[in-house]
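I set out to look up a handful of helices, strands and loop residues in this model. My entries follow in the order in which I took them.

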Amino acid sequence: MKRIWGWVGVLGMSLVAGAQPVDPSTMTGKIMCGYQGWFRTPDDGFKLGWTHYAMQGRFEPGYSAIDIWPDVSELDADEKVATPFKHADGSTAYVFSSVNPKTVMRHFKWMEDCGVDGVYLQRFVGETKDKRRYPALQQVMANVRAGAEKHQRAWAMMYDLSGANETDLMTTVVADWKRLIDDDKICRDRMYLHHAGKPVVAVWGIGFNDHRKYTLRQCLELIRFLKDDPVYGGMTVMIGVPTYWRTLNRDALADPLLLECVRAADIISPWTVGRYGHAEGAQKYIRTVARDDLQWCAENKKAFLPVVFPGFSWHNLQKGRGHEATFNQTPRKKGAFLEAQLDGHLEIGATMIYQAMFDEVDEGTAVFKCSNNPPVGESRFLDMEGVPSDFYLRLIGKKSAVLRTSCSAVGEKRP
């Protein structure tokens, strides 16, 4: 069955009665999730197959790109997509497509129910110039805009530079951003995130030493365009950088130009997923690295946005690529791992946090509702260790309330 959805009808739904809206005017006091929105299914109308579900073009036992199974128990029949996978009782296992407005709207309802502030929508550079994939990319954005509006959650655009080539930053990204401003007018959305009086746009993937094709000089040029262009600039720019950006070692390029990029930006967010694997490692990182990052940012008048994650596993994904990866590489410990990170950053005085990720089932970092009853058979899947499927969303909402209260108290003491 072919399914194509628009935005206007979804956005036209009435606002949730009695909802406590998120204030989109500032990042301060918020925990924002990354939202991949990259899942496609063969019958969703866009002819992209099992995108981000399949491995080697197949999504069946023994061929899976995901390590944790989404909980679809609340989804209606027109949201659930049957797969060849089976549960222990022999019943069919279902997944979802991110292009379905009803499902994305449900995701934002979950955010509202649990007190999650909102999302950074991931926008991968390669898809913006792919004529086959671009329509689905736009549909997902429309879904996110509608969900944010109805459920009064903040949202902002995040460009992921992964896979970008030598010329993409000042051609592909700039052209796409101009379309988003001129045609889609995203920054006019009531719930579009602002900070320091300006709309926020994020650029992820600056300064990593993993042999990327684009250069730091091009990154700096893009940052300056987003900040200073007389028509398309005027943005608060958040950049995603390596864990060791400040010391220019380990996962970071040993190039002072990275620090020039940091000084040109406004919000600095070091990527820490996979950099430690247990609560003690997280706490050590926060004490010995993040605390100094926070101080550097304060001294240089930059906002510091640390990254936290609930656990990590990409066994199926790597197996499909011919590599070995430990199943359940970073155990969640029923939330203890994530809570240690959140509490640690709160203790050192972080004023904002980035939660990786809302829906990333590929690498087992998803915090949305996942299943305690995943399929069985040739492919292995994590479960939720017996905690309720909304456990992580509620944990994030709880810590967000603590962060918001803490920031308000500090603000009241300022002259």
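H7 spans residues 257-264 and is mostly covered, with six of its eight residues buried. Helices (H or I, at least four residues) and strands (E, at least two) are DSSP runs, numbered from the N terminus.

I note that this is a predicted model, in which local features need pLDDT of at least 70, side-chain atom pairs count only at pLDDT 80 or more, and totals for chains, interfaces and linings use all residues. Residues are numbered from 1 along each chain as its sequence is written, and side-chain values use heavy atoms, with hydrogens and water left out.

Next I took H6 together with helix H5 (residues 169-184): their axes come within 10 Å and cross at roughly 20°. Axes are lines fitted to C-alpha atoms, for helices over the stretch in contact, and angles run from 0 to 180 degrees between N-to-C directions. H5 and H6 are therefore roughly parallel to each other; angles under 35 degrees count as roughly parallel, over 145 as roughly antiparallel, 65 to 115 as roughly perpendicular and the rest as oblique. On the H5 side I recorded Leu169, Met170, Val173, Val174, Trp177 and Lys178, which meet Gln218, Cys219, Glu221, Leu222, Phe225 and Leu226 of H6. Contact means heavy atoms within 4.5 Å.

I then looked up Tyr214, which lies in the loop between strand S7 (198-204) and H6. Tyr214 is buried, with a relative accessible area of 7%. Leaving aside neighbours within four places in sequence, I found Tyr214 in contact with Leu161, Ala164, Asn165, Leu169, Gly205 and Cys219. From Tyr214 to His278 is 64 residues in sequence and 33 Å in space, C-alpha to C-alpha.

For strand S1 (residues 30-35) I noted that six of its six residues are buried. Lys30, Met32 and Gly34 point one way from S1, while Ile31, Cys33 and Tyr35 point the other way. S1 pairs with strand S4 (residues 118-124) in the parallel sense over four bridges, and the partner of Met32 in S4 is Gly118. S1 and S12 also pair in the parallel sense over four bridges, with Tyr354 of S12 as the bridge partner of Met32. Two strands pair if DSSP finds at least two bridges between them.

I followed S12 (352-355) to Glu360, which is in the loop between this strand and helix H11 (391-413). Glu360 counts as buried at 5% relative accessibility. Not counting residues up to four places away in sequence, Glu360 touches Gln36, Trp38, Thr365 and Ala366.

Last, I looked up strand S2 (residues 81-86) and strand S3 (residues 92-95), which run antiparallel and are joined by three bridges. Val81 stands opposite Val95 in S3. S2 and S3 form a hairpin with five residues between them, and Gly90 in the turn has a positive phi of about 90°.

Note on methods
Buried < 20%, exposed > 50% of the residue type's maximum accessible area, 1.4 Å probe, protein only.
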